Amino acid sequence: MLASGRGSNLGALIAASDEGGYEVVAVGSDKPDAAALQRAVRAGIPTFVVAWSDYSDRQSFSMAVADALEAAGAAWVVLAGFMRVLSSEAVDRFAGRMVNVHPSLLPAFRGSRAVQQALDAGVAHTGATVHLVTTDVDAGPILAQEAVPILPGDDVSSLHARIQQVEHRILPGVMADLVSGRLPAGSRG
Ligand code: GRF
């Protein structure tokens, strides 16, 4: 798993791992101080850091990330709040085996400010999406998504918290389905 932030999705994945039939084998980050890494350490999960500043370009950074994931024995890769775009060569090394969770109903509101974009647009619903990673950012095949209402008075914080409640349910569900072979051939939606 790759994360740059809080790691609440990591927590949800760990909590559901026994029931889901998968194991989180490593957590990597571009940020040495990411709370997600501390969460992994507390759970006894190996961690690694690939710092953006140690590499001269996206390609060498991305290959180092892919090497670390392979060294950790990752069969599947989950991106949850990983704030770096990996090169197409790195994505191709995990083609069909790399999953991202995004806080909108894709294809609406791609990119890093998805929750703010939904508020700015004045839509009544946004949501959470789990999709396969392809070289187009936030545009790979959708594996699961669920709508979340936007309520009067919502700000980025309150809306993102409501979206994350959904993420924490659908991401472990997708991983359970992937490792058991029920996805992507099935019709989860
Ligand atoms: C999630 O809301 C995800 O949709 C977005 O980044 C957030 C990561 O949260 N891409 P966390 O680090 O798992 O708490």
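The questions and answers below go through the pockets, the ligand surroundings and a few residues of a predicted model.

Q: How much space lies in the largest pocket?
A: Rolling a probe the size of a water molecule over the atoms shows where empty space is left. In this predicted model, the space in the largest pocket comes to about 820 Å³.

Q: Which residues are the closest to the centre of the largest pocket?
A: The lining of the largest pocket is made up of 38 residues. Among the elements that give two or more residues to this lining are β3 (77-80) and β4 (98-102). The residues closest to the centre are G81, F82, M83, N100 and V101.

Q: How many residues in the lining of the largest pocket are charged?
A: Sorted by class, this lining holds 15 nonpolar and 17 polar residues. The charged residues in the lining number 6.

Q: Which elements give two or more residues to the lining of the second largest pocket?
A: About 260 Å³ of space lies in the second largest pocket. Its lining has 15 residues, and those closest to the centre are Y22, E23, V24, V25 and W76. The elements that give two or more residues to this lining are β3 and α7.

Q: How many residues in the lining of the second largest pocket are nonpolar?
A: In this lining, 1 residue is polar and 1 is charged. The nonpolar residues number 13.

Q: Which residues of α1 are buried?
A: Helix α1 spans 8-15 and gives two or more residues to the lining of the largest pocket. What covers its buried residues includes α2 (17-20), β1 (27-29), α3 (35-42), β3, β4 and α7. The buried residues themselves are S8, N9, L10, A12 and L13.

Q: What is the distance from a polar side-chain atom of S8 to an oxygen atom of the ligand?
A: S8 is one of the residues that surround the ligand, and others include G5, R6, G7, N9, G81 and H160. A polar backbone atom of R6 is 3.2 Å from an oxygen atom of the ligand. For the polar side-chain atom of S8, the distance to a ligand oxygen is 2.5 Å.

Q: Which kind of ligand atom lies 3.2 Å from a backbone N or O atom of V101?
A: V101 is among the residues closest to the centre of the largest pocket. V101 is also one of the residues around the ligand. The ligand atom at 3.2 Å from its backbone N or O atom is a nitrogen.

Q: Is S87 buried or exposed?
A: S87 sits in the loop between β3 and α5. Leaving out residues up to four places away in sequence, S87 touches R58, Q59, S62 and M63. Its relative accessibility is 7%, and the cut-off for buried is under 20%, so S87 counts as buried.

Q: What separates the C-alpha atoms of Q117 and M63?
A: Q117 belongs to helix α6 and is partly exposed, with a relative accessible area of 25%. Not counting residues up to four places away in sequence, Q117 touches F109 and R110. Q117 and M63 are 54 residues apart along the chain, and their C-alpha atoms are separated by 31 Å.

Q: How far apart in space are I170 and E146, C-alpha to C-alpha?
A: I170 is part of helix α7. At 4% relative accessibility, I170 counts as buried. I170 and E146 are 24 residues apart in sequence, and from C-alpha to C-alpha they are apart by 8.2 Å.

Key:
Residues numbered from 1 in each chain as written. Predicted model: local features only at pLDDT ≥ 70, side-chain atom pairs only at ≥ 80, totals over all residues. Heavy atoms only, no water. 1 Å grid on protein atoms, 1.4 Å probe; cavity = no way out; pocket = protein on both sides within 12 Å on 5 of 7 lines; lining within 4 Å. Points joined across faces, edges and corners; volume = space filled by probe spheres on them. Helix = DSSP H or I, 4+ residues; strand = E, 2+ residues; numbered from the N terminus. Nonpolar A, V, L, I, M, F, W, Y, C, P; charged D, E, K, R; others polar. Buried < 20%, exposed > 50% of the residue type's maximum accessible area, 1.4 Å probe, protein only. Contact = heavy atoms within 4.5 Å. Near = heavy atom within 4 Å. Polar contact = N/O pair within 3.5 Å; in protein donor to acceptor, adjacent residues only side chain to side chain.
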